[in-house]
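Have the sequence to hand as you read.

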Amino acid sequence: MTVSIPPVIAIDGPSGSGKGTLCKRLAQRMGYHLLDSGALYRLVALAAEHHGVGMENERALADIAAHLDVQFLPSDDSDKVLLEGEDVSLAIRTEAVGMNASRVASLTLVRRALESRQRAFAEAPGLVADGRDMGTVVFPQAIIKIFLTASAEERADRRYKQLKSKGLDASLADILVDIKQRDHRDESRTVAPLRPADDAELLDCTHLSITEVEQKVMTLIRNRGL
Ligand code: C5P
């Protein structure tokens, strides 16, 4: 009996490049599952805060990652994320949690603890995986790999508007500093650094609308026969 492996579409790129929106749209169009891997790192950071675990305590953070009690409840308008039964959908999206997520994400034991959890999302009929190392580490067999990028200024502006639309407090200048810091940390870490896979398509969306990006990626997907 042959076991068919569900197709994976891996979308990687820096913070605020529009991966989240793109992946959600692609998953909806294809009827595929969606993995928001950044949310897992954000959840580890938030759980650590709740349990009083410091960002330097790698073993305890890896333990939190391995036993993360989380539920993703998809919906059409805004997805719900429950951590230990509590709705943390908004709490995980703050810039402070994002910054701590990028700290925990630089720890080898934490990344290792989240690997099998991420791979388990690859179920029939297929998966759209959003992250930094989807094409390089977690799903090297992905049938399509996209590296989506945009200038830091454009990404900061988009993040600012996104936070404001959710009613969260935000400063554009602070967001730009955070984005540059996070880019640096993600690109320079020794474990699973942010970089395009050798076989990834590079897509710079600084001057593209989300609909234009979606069309380009859908063309790639259709060209692969999916
Ligand atoms: O994508 P998002 O901003 O939600 O991710 C939060 C942080 O988690 C990122 O800044 C990055 O450091 C980390 N991350 C990662 N690998 C992934 C997804 C996210 O290192 N696959």
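Helices (H or I, at least four residues) and strands (E, at least two) are DSSP runs here, numbered from the N terminus. What you're looking at is a predicted model, where local features need pLDDT of at least 70 and side-chain atom pairs count only at pLDDT 80 or more, while totals for chains, interfaces and linings use all residues. Residues are numbered from 1 along each chain as its sequence is written, and side-chain values use heavy atoms, with hydrogens and water left out.

Now for the packing. Two packed helices are described by the angle between their axes and the distance between the axes. The axes are lines fitted to C-alpha atoms, for helices over the stretch in contact, and angles run from 0 to 180 degrees between N-to-C directions. Under 35 degrees counts as roughly parallel, over 145 as roughly antiparallel, 65 to 115 as roughly perpendicular and the rest as oblique.

Take helix H2 (residues 37-50) to begin with. Its axis and that of H4 come within 8 Å and cross at roughly 100°, so H2 and H4 are roughly perpendicular to each other. On the H2 side, the contact (heavy atoms within 4.5 Å) is made by Tyr41, Arg42, Val44, Ala45, Leu46 and Glu49, and on the H4 side by Val97, Gly98, Asn100, Ala101 and Val104. Sorted by class, that's 7 nonpolar, 2 polar and 2 charged residues; Ala, Val, Leu, Ile, Met, Phe, Trp, Tyr, Cys and Pro count as nonpolar, Asp, Glu, Lys and Arg as charged, and the others, Gly among them, as polar.

H2 also meets H5: the axes come within 11 Å and cross at roughly 135°, which is why the two are called oblique. Here Ser37, Leu40, Tyr41 and Val44 of H2 touch Val110, Arg111, Leu114, Arg117 and Gln118 of H5. This contact has 5 nonpolar, 2 polar and 2 charged residues.

How do the axes of H4 and H8 cross? Helix H4 (residues 95-104) and helix H8 (residues 172-188) have axes that come within 10 Å and cross at roughly 15°, which makes H4 roughly parallel to H8. Glu95, Gly98, Met99, Ser102 and Arg103 of H4 make this contact with Ile175, Asp178, Gln181, Arg182, Arg185 and Asp186 of H8.

Over to the ligand. A polar side-chain atom of Arg42 sits 2.6 Å from a ligand oxygen atom. For Arg111, an N or O atom of the side chain is 2.8 Å from an oxygen atom of the ligand, and for Arg189 a polar side-chain atom lies 2.9 Å from a ligand oxygen atom.

Last, the backbone. Ala124 and Pro125 are joined by a cis peptide bond, with omega about 5°; Pro125 is in the loop between helix H5 (108-119) and strand E6 (127-131). Glu84, in the loop between strand E4 (80-83) and strand E5 (86-87), has phi near 50°, a positive value in a residue other than glycine.

Definitions and conventions:
Polar contact = N/O pair within 3.5 Å; in protein donor to acceptor, adjacent residues only side chain to side chain.
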